[in-house]
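Okay, thanks everyone, let's get going.

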Amino acid sequence: MPLFNRKTVQKIKDDPAAVQNKHNEHDDQVKQNLVFHCQQAHGSPTGLVSNFSNVRELYQRVADCYDFPSDEILFCTLNTHKMDMTKLLGSQIGLDDFIFVHRKGRPKEIEIAKTNEALGLTITDNGSGYCFIKRIKENSIIDKISYISVGDHIEKIDNETMVGRRHYEVAKILKDIPKGTVFTLRLIEPIKAGFSNIEPRSSKRGKNASYGNGKDTLRFKANGAAQIQKETDESQKGIDKINQLLENLLGISDFELATQIWEKGEDKLNSMDFAEAIDDSDLDELGFTDDFIIELWGVITDARAGRLKN
């Protein structure tokens, strides 16, 4: 006869969909309670924006605040009104960051003779259909054209619109223009408030402003959701390094893309699993080579082990 009778406890598993809905409701409530300060970079009263889950929604909230169309926004910088490309709003925003909005200014058209294979541009996009110049390489073709500046939106190449294209598409179109060709760039520069808000064409500083070790951020996910996370120093260094590799390979800068790559590898045990995760996602269309995948995996493992330096 047993010393005691074990009571049978019926375990009731929560419905996964119901659990996810609770999480979503909680995240939505948190986002509604978050309020960010903003200004137009060329000068305006301070506004308040809240309740957004992605960059497009943020732009719409800002446009509603100041009563202008959201498609006038070229990009946003964090904590500075200057066109500082190291402080672009990307896939995440610190909960205490101040948003500065850069709007469309005057258009300009420039004829360019492609005398070298490389134009000397690094291109990024605003997450809402506009590509713009993030960096200009010193002594390059573009660097010798004073009318072209960091922050200029690439609206058209010859008569083909670039609106709605991703940065890597625009970079490939420019790269594929044959050497010796003369082509026309139609650009739109941001509204300027004077020389005080213009940064150098090629910044000597770091690639991106660090969010700090353990700082709370609102991260925009690729699936359209937003989530509050605590950034670690290791993950931020890894994402920064991945973005540098993207710039070297594709001539683009995209911290959202770099973050997506980091997330594909942060829980993987080996490079094969990481490569499979890349192939099974929309990142596959970028056509990364096996050697580049190995290089990315090396960055991820180095960041995990704390071997990456600032």
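First, a caveat: what you're looking at is a predicted model. The protein has seven helices and 12 strands. Of its 310 residues, 44% count as buried. And if you take the contacts between residues at least 6 apart in sequence, 61% of them join residues at least 24 apart.

Now, helix α7. That's residues 290-304.

Which residues of α7 are buried? They are Phe-292, Ile-293, Leu-296, Trp-297, Val-299, Ile-300 and Ala-303. These cover an arc of only 155 degrees around the axis, so they sit on the same side of α7. Over on the other side, Asp-290 and Asp-291 are exposed.

So what do the buried residues of α7 pack against? The answer is α4, which is 233-250, α5, which is 255-265, and α6.

When two helices pack, you describe them by the angle between their axes and the distance between the axes. Here, α6 runs over residues 271-279, and its axis comes within 10 Å of the α7 axis, with the two crossing at roughly 115 degrees. The crossing of α6 and α7 is right-handed.

Who's touching whom? From α6 you have Ser-271, Phe-274, Ala-275 and Ile-278, and they meet Ile-293, Ile-294, Leu-296, Trp-297 and Ile-300 of α7. By type, the residues of that contact come to eight nonpolar, one polar and no charged.

One more thing at this end: just after α7 there's Gly-306, and it takes a positive phi of about 75 degrees.

Last stop, Leu-48. You'll find it in strand β2, residues 47-50. Is Leu-48 buried or exposed? The relative accessible area is 53%, and the cut-off for exposed is over 50%, so Leu-48 counts as exposed. Leaving aside neighbours within four places in sequence, Leu-48 is still in contact with Val-35, Phe-36, His-37, Cys-38 and Cys-65. Take Phe-36: it's 12 residues away along the chain, yet the C-alpha atoms of Leu-48 and Phe-36 are separated by 5.7 Å.

That's my last slide, thanks.

Note on methods:
Residues are numbered from 1 along each chain as its sequence is written. This is a predicted model: local features need pLDDT of at least 70, side-chain atom pairs count only at pLDDT 80 or more; totals for chains, interfaces and linings use all residues. Side-chain values use heavy atoms; hydrogens and water are left out. Axes are lines fitted to C-alpha atoms, for helices over the stretch in contact, and angles run from 0 to 180 degrees between N-to-C directions. Helices (H or I, at least four residues) and strands (E, at least two) are DSSP runs, numbered from the N terminus. A crossing is left-handed if the near helix is turned anticlockwise from the far one by less than a right angle, and right-handed if clockwise. Contact means heavy atoms within 4.5 Å. Ala, Val, Leu, Ile, Met, Phe, Trp, Tyr, Cys and Pro count as nonpolar, Asp, Glu, Lys and Arg as charged, and the others, Gly among them, as polar. Buried means under 20% relative accessible area, exposed over 50%, partly exposed in between (1.4 Å probe, protein chains only). The arc is that of the directions from the helix axis to the C-beta atoms.
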